[in-house]
Amino acid sequence: MTVTRPRSDGGTGLRAARVSRTAGGALVLDGVDLAPRAGTLTGLLGPNGSGKSTLLRVLAGVLAPDTGVVTLDGERLGAVPRRALARRVAVVEQHADTQVDLTVADAVRLGRVPHRRAWSPPTSADEEAVRSALARTGLTDRAHRTWRTLSGGERQRVHLARALAQEPRELLLDEPTNHLDVRHQLDLMDLVSELRLTCVMALHDLNLAALYCDHVVVLHQGRIAAAGPVAEVLTERLVAEVYGVRVSVTHPDPDGRPHIRFLR
């Protein structure tokens, strides 16, 4: 299996270099490099247990690598003050919930915490960021609804709006389309792809990745199996080797994006 390493653009932005991480005595990540290009959507692909969620948590600074280094604009992530990191990097988790029945607007306002001093009231800039995040996610008319009245798709958009209210430059998303129906999956992918932020998204659906991602990184048993442009990486051989299934890959779109059909 040929491995294509992500190319660096000089160390700016969020970078992982030769990152390894163990959990419970097992090697979950093994020498992983990641250098997402500014303003693009990078898909993290791979079977369950391949290390996608762990890599996102390492990139977010939630977990520290056992070996290797994660940097933000060339500075080790561990040396970046937590508030400064939260202003730059936002995370949309796979299973985020709350026991407090917040309104949509109040949930989105949580994204402004890194920008505010403790106990200080929201500023006009805070409220404008919240309004913008609600508008970009199509939630303006739901701002006063409470959490328990929302559908799964609406809740996922609230999580994304909260992340956007942080005004980040990097956005990490852990399988945000899970448990959404097809329409809401496409709505969310449309929204993320139009943000023009540096996004890294873990995905299970190979065709969603093929349709929306600029680049993909395929993890297999904690290592990078392949990385690069979607059309170059998502091949019949790669899918067979990593996922253990037979597929037919065609390129019907004018831009060369692949379509994956699973074979019996």
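**Close-up views of a predicted chain**

**View 1. The whole chain, for orientation.** Of the 264 residues in this chain, 47% count as buried, where buried means under 20% relative accessible area, exposed means over 50%, and partly exposed is in between (1.4 Å probe, protein chains only). This is a predicted model, so local features need pLDDT of at least 70 and side-chain atom pairs count only at pLDDT 80 or more, while totals for chains, interfaces and linings use all residues. Residues are numbered from 1 along each chain as its sequence is written, and side-chain values use heavy atoms, with hydrogens and water left out. You'll find nine helices and twelve strands here; these are DSSP runs (helices H or I, at least four residues; strands E, at least two), numbered from the N terminus. The radius of gyration is 19 Å, close to the 18 Å that the globule rule gives for 264 residues, so the chain is as compact as a globular protein of that length. That radius is taken over C-alpha atoms, and the rule is 2.2 Å times the number of residues to the power 0.38. Along its principal axes, the C-alpha trace spans about 55 × 40 × 35 Å.

View 2. Strand β9 (residues 215-220) pairs with β10 in the antiparallel sense over six bridges; two strands pair if DSSP finds at least two bridges between them. His215 has Pro229 of β10 as its bridge partner. Two residues sit between the strands of this hairpin. One to look for in the turn is Gln221, with a positive phi of about 55°. Most residues other than glycine have a negative phi. Gln221 counts as exposed, at 65% relative accessibility. Strand β10 (residues 223-229), on the other hand, is largely enclosed by the rest of the structure, because five of its seven residues are buried.

**View 3. Thr42 and its neighbours.** Thr42 is found in strand β3 (residues 41-45) and is buried, with a relative accessible area of 4%. Leaving aside residues up to four places away in sequence, Thr42 touches Leu34, Pro36, Cys199, Val200, Met201, Cys213, His215 and Val217. A contact here means heavy atoms within 4.5 Å.

**View 4. The loop at Glu175.** Glu175 is found in the loop between β7 (170-174) and α6. Although not a glycine, Glu175 has a positive phi of about 45°. At 6% relative accessibility, this residue counts as buried.

View 5. Val182, Leu186 and Leu211 make a nonpolar surface patch of about 250 Å². Patches are made of residues with over 30% relative accessible area and no salt bridge; like charges are joined within 9 Å, and nonpolar side chains (Val, Leu, Ile, Met, Phe, Trp, Tyr) within 5 Å. A salt bridge is a side-chain nitrogen of Lys or Arg within 4 Å of a carboxyl oxygen of Asp or Glu. Areas come from the Shrake-Rupley method with a 1.4 Å probe, and for residues only the protein chains shown count as cover. Leu186 lies in helix α6 (residues 182-193) and counts as partly exposed, at 31% relative accessibility.

**View 6. A four-stranded open sheet.** The strand order is β2-β1-β4-β5, with antiparallel pairing. At the edges are β2 (26-34) and β5 (75-76), each pairing on one side only. Two bridges join strand β4 (residues 67-72) to β5, and Thr71 has Arg76 of β5 as its bridge partner.
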